[in-house]
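Here is a friendly walk through one protein chain, from a single residue out to the whole fold. Keep the 3D view open as you read.

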Amino acid sequence: MKNTVHLAPMVEYGRGIVFRSQLSNGVFYDGSIRVGRLKMDFESVDFSWNGYNVYEKFESNSPYISALVVKLKQIKN
C-alpha cells in the first residue's frame with residue numbers, strides 16, 4: 001500500500017419525501033426532507049514525518065438529516 005489513498009464513501013440507508021404545493025396566485029413551494037446514515041472509510045500512507053511514511057486510517061459512521069424549501073413564482077408572458 002505504498003503511496004496510495006483509499007476513500008470509500010457509502011450511504012448505508014436513507015429515506016426522504018418530496019413535496020410541491022401550488023397556490024392559486026402562481027406561487028408554489030417545492031421541498032424535500034431526507035434522513036439517513038453515512039459511512040465513510042479513509043486510509044492513506046501519503047503522509048510522512050521525519051522521512052517515514054505514516055499510515056493513517058479514519059472511519060466514520062454518522063446519521064444525517066437535510067431539508068430544502070423553495071418558494072417560486074410562475075411568470076406568464
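## Starting at Arg 34

Let's begin with Arg 34, which sits in strand 2. The model is a predicted one, and in it Arg 34 has a relative accessibility of 47%. Arg 34 therefore counts as partly exposed, since that class covers values between the 20% limit for buried and the 50% limit for exposed.

What does Arg 34 touch beyond its neighbours within four places in sequence? Its contacts there are Arg 15, Gly 16, Tyr 64, Ile 65 and Ser 66. One of these, Gly 16, is 18 residues away from Arg 34 in sequence, yet the two C-alpha atoms are 4.1 Å apart in space.

## The overall fold

Stepping back, the protein chain has 3 strands and 0 helices, so the order of elements from the N terminus reads β-β-β. Of the 77 residues in the chain, 12% are buried. The exposed surface comes to about 6,500 Å², and carbon and sulfur atoms account for 56% of that area.

The contacts also tell us about reach along the sequence. Taking contacts between residues at least 6 apart, 60% of them join residues at least 24 apart.

Strand 2 spans residues 27–49 and strand 3 spans residues 52–73. The two pair in the antiparallel sense, with 21 bridges between them. Within this pairing, Asp 30 is found opposite Val 70 of strand 3.

Strands 2 and 3 make a hairpin, with 2 residues between them. If you look at the turn, you will find Asn 50 there with a positive phi of about 55 degrees.

Which residues make the nonpolar surface patch of about 550 Å²? They are Ile 17, Phe 19, Ile 33, Val 35, Ile 65 and Val 69. Strand 1 (5–22), strand 2 and strand 3 each contribute at least two residues to the patch.

Val 69 and Phe 19 are 50 residues apart in sequence, with their C-alpha atoms 9.2 Å apart.

## Two salt bridges

How many salt bridges does a search of the whole structure find? The search gives 2.

Asp 30 is partly exposed at a relative accessible area of 21%, while Arg 20 is exposed at 56%.

The side chains of Glu 59 and Lys 57 also meet in a salt bridge, at 3.3 Å from N to O. Here Glu 59 is exposed, with a relative accessible area of 52%, and Lys 57 is partly exposed, with 48%.

Technical notes
Residues numbered from 1 in each chain as written. Predicted model: local features only at pLDDT ≥ 70, side-chain atom pairs only at ≥ 80, totals over all residues. Heavy atoms only, no water. Pairing = 2+ DSSP bridges. Helix = DSSP H or I, 4+ residues; strand = E, 2+ residues; numbered from the N terminus. Buried < 20%, exposed > 50% of the residue type's maximum accessible area, 1.4 Å probe, protein only. Contact = heavy atoms within 4.5 Å. Areas by Shrake-Rupley, 256 points an atom, 1.4 Å probe, with all protein chains shown as cover. Patch = residues over 30% accessible without salt bridge, like charges linked within 9 Å, V, L, I, M, F, W, Y side chains within 5 Å. Salt bridge = Lys/Arg side-chain N within 4 Å of Asp/Glu carboxyl O.
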